[in-house]
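Trainee: Could you walk me through reading a fold like this one? I'd like to begin with the sheet.

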Amino acid sequence: MERPSWDEYFMQVAKLVATRSTCLRRRVGAVLVRQERIISTGYNGSPRGIVHCEKTGCLRNMMSIPSGERYELCRGVHAEQNAIINAAYYGINTAGTVLYCTEQPCIICARMIINAGIVRIIHNGDFQDDLSLKLLHEAGIPIEFMTLEKEDGEQNTFFTEIKRA
């Protein structure tokens, strides 16, 4: 059995965290890491104590809002935001951490990432927000796309069997 690299390991954890998401459009997971230790996780969904979209329906779908637009018109909190918020909730410093996320952060999350002191981002998704990339570049935060592939080019199937509700 081949041992995953740290980046592969934390990305696999982020994919597992995403399975807790209650978003009907896109399930996202995020993991904050300091010195190869997980300090916080987050997935996208409604705030604590608020009914989830899987029960109320998707406000964005009802309003025909395309992906990547009008982020404020949503009941959910993004996975990256929840990872940062969860760290704050438990009094954990996020400065100097690495964020592993199953999608590229949006512009709102990018601003929070910069102010939270996160120093590197690794993502594995197809969401693209050019303004976010520009801001992160300006802040000097490297953002890397990571595929979970084996050396022979086959896709890593570690979590592909997880069924989404």
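**The sheet and what surrounds the sheet**

Mentor: Here an open sheet of five strands runs in the order β2-β1-β3-β4-β5, with mixed pairing. The edge strands, each pairing on one side only, are β2 (37-43) and β5 (143-145). From one strand to the next, the twist averages 20°. Two strands pair if DSSP finds at least two bridges between them, and angles run from 0 to 180 degrees between N-to-C directions, with axes fitted as lines to C-alpha atoms, for helices over the stretch in contact. Keep in mind that this is a predicted model: local features need pLDDT of at least 70, side-chain atom pairs count only at pLDDT 80 or more, and totals for chains, interfaces and linings use all residues. Residues are numbered from 1 along each chain as its sequence is written, and side-chain values use heavy atoms, leaving out hydrogens and water.

Trainee: In which sense do β3 and β4 pair?

Mentor: In general, strands of a sheet pair through backbone hydrogen bonds, either parallel or antiparallel. In this case, β3 (residues 98-101) and β4 pair in the parallel sense, over four bridges. L99 has I121 in β4 as its bridge partner.

Trainee: Which strands does helix α1 lie across?

Mentor: Helix α1 (residues 6-18) lies across β1 (29-34), β2, β3 and β4, and runs at about 140° to β1. Helix α4 (residues 79-89) also packs on the sheet, where α4 touches β1, β2 and β3 and makes about 130° with the direction of β2. Contact means heavy atoms within 4.5 Å.

Trainee: What pattern does the chain follow along the sequence?

Mentor: The pattern is α-β-β-α-α-α-β-α-β-α-β, with six helices and five strands. These are DSSP runs numbered from the N terminus: helices are H or I, at least four residues, and strands are E, at least two.
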